Amino acid sequence: MSLTPTGGRFFQDEPGKITVASLRDRKLQHEPITCLTAYDYASARLVDEASIDIVLVGDSLAMTMLGYENTLSITVEEMLHHTKAVRRAVKRALLVADMPYGSYHVDSNDAVRNAARFMKEAGAEVVKIEGGEKRADLIRRVIDAEIPVAGHIGLTPQSVNRMGGYRVQGKSLAEVEQLMRDAVALDRAGVAFLVLEGIPREVAAMVTAEVATPTIGIGAGPECDGQVLVFHDILNLTFAPPAKFVHRYGDVAAAITGAVQAFRADVLSHQYPSDAESYHLAKETRSALETLWERKRSMHR
């Protein structure tokens, strides 16, 4: 049974609304899951209206929106600000927010408190936490507080300094075994879904077959239950060479540059604004104004 939406929002059992439970159904039915990042109202609305299943307010916004060198500098307050904007746009998709570096690394009480802020203040439906089996107990704490959690293993950007850069993970047998332990531990902890980033296709396929939770790949091959990419990457809105796994579906950067250059040229050549793009006084008001202006000019002669 479904209830009538209020204020333009779906209730959790409204047909079409993506939930943690419906993601599990997708996995069981072998229906691919789609996920894109979004960081503001406009992009989130476009992504949601395109029927993407998961909208992720990723900490990648540190680089794409705020110009930081990596994800480590972004704060909880900055992530909350952007999540709130995305929440105003998203109606159908499952809204997921990244927990930024430092928001769950020191103390489990801080982790629960910060995760609750994403739910209560920003309207996120799931928070995402990076790390494998060493995060399992922490994730259980957060889930026990009635906060759904998505896991993230493999290439975890918040661990870039420890990993020595953005490198593919799980290339040796020992690393593969650790990834499998990580995946199973998070699956048993009850994660809503599991992001697999930057790992060999064969390993991602093994993980996907092993765990009950849906897997969402990014640079992890086609055998995952779903795929995620960064909104700015697929539209060529980044200022760096794309990763191997990025497929660019449009060149919005070129469209924006062309529009900006055309605007500048029209202003310099007095083509913009034209008379048609200008407001005008009513005929009677204009006539009266011209008469008044002529009188003023006459007084100063």
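**View 1. Strand 1 and its two partners.** Strand 1 pairs with strand 8 (residues 226–229) in the parallel sense, over four bridges. This is a predicted model, so keep that in mind for every view here. On its other partner, strand 2 (residues 54–57), strand 1 (residues 33–37) is again parallel, this time over three bridges. Leu 36 is a handy residue to look for: its bridge partner in strand 8 is Leu 229, and its bridge partner in strand 2 is Val 55. Cys 35 also has a bridge partner in strand 2, namely Ile 54. How many of the five residues of strand 1 are buried? Four of them are, so strand 1 is largely enclosed by the rest of the structure.

**View 2. From strand 1 to strand 2 by way of a helix.** Here we follow the chain through strand 1, helix 2 (residues 41–49) and strand 2, which together make a β-α-β unit. The handedness of that unit is right-handed.

View 3. Eight strands close into a barrel, and the order is simply 1-2-3-4-5-6-7-8. The pairing is parallel. On average, neighbouring strands of this sheet are turned by 25° against each other, with direction ignored. Helix 9 (residues 201–210) packs on the sheet, where it touches strand 6 (194–197) and strand 7 (215–218). Its direction makes about 170° with that of strand 6.

View 4. Gly 154 sits in strand 5, which covers residues 149–154. Is Gly 154 buried or exposed? With a relative accessible area of 15%, Gly 154 counts as buried because the cut-off for that label is under 20%. Leaving aside residues up to four places away in sequence, Gly 154 touches Met 163, Gln 169, Leu 179, Glu 197 and Ile 199. For a distance to check, take Val 176: it is 22 residues from Gly 154 along the chain, and the two C-alpha atoms are separated by 9.6 Å.

**View 5. One aromatic pair.** The structure holds one aromatic pair, made by Phe 263 and Tyr 272. A pair of aromatic rings is described by the distance of the centres and the angle of the planes. For Phe 263 and Tyr 272, the numbers are 6.1 Å centre to centre and 65° between the planes, and the pair is edge-to-face. Tyr 272 is partly exposed, at a relative accessible area of 40%.

Methods
Residues are numbered from 1 along each chain as its sequence is written. This is a predicted model: local features need pLDDT of at least 70, side-chain atom pairs count only at pLDDT 80 or more; totals for chains, interfaces and linings use all residues. Side-chain values use heavy atoms; hydrogens and water are left out. Helices (H or I, at least four residues) and strands (E, at least two) are DSSP runs, numbered from the N terminus. Buried means under 20% relative accessible area, exposed over 50%, partly exposed in between (1.4 Å probe, protein chains only). Contact means heavy atoms within 4.5 Å. Rings of Phe, Tyr and Trp (its six-membered ring) pair if their centres lie within 6.5 Å; planes under 30 degrees apart count as stacked, over 60 as edge-to-face and the rest as tilted. Two strands pair if DSSP finds at least two bridges between them. Axes are lines fitted to C-alpha atoms, for helices over the stretch in contact, and angles run from 0 to 180 degrees between N-to-C directions. A crossover is right-handed if, with the strands pointing away from the viewer, the path from the first strand over the helix to the second runs clockwise.
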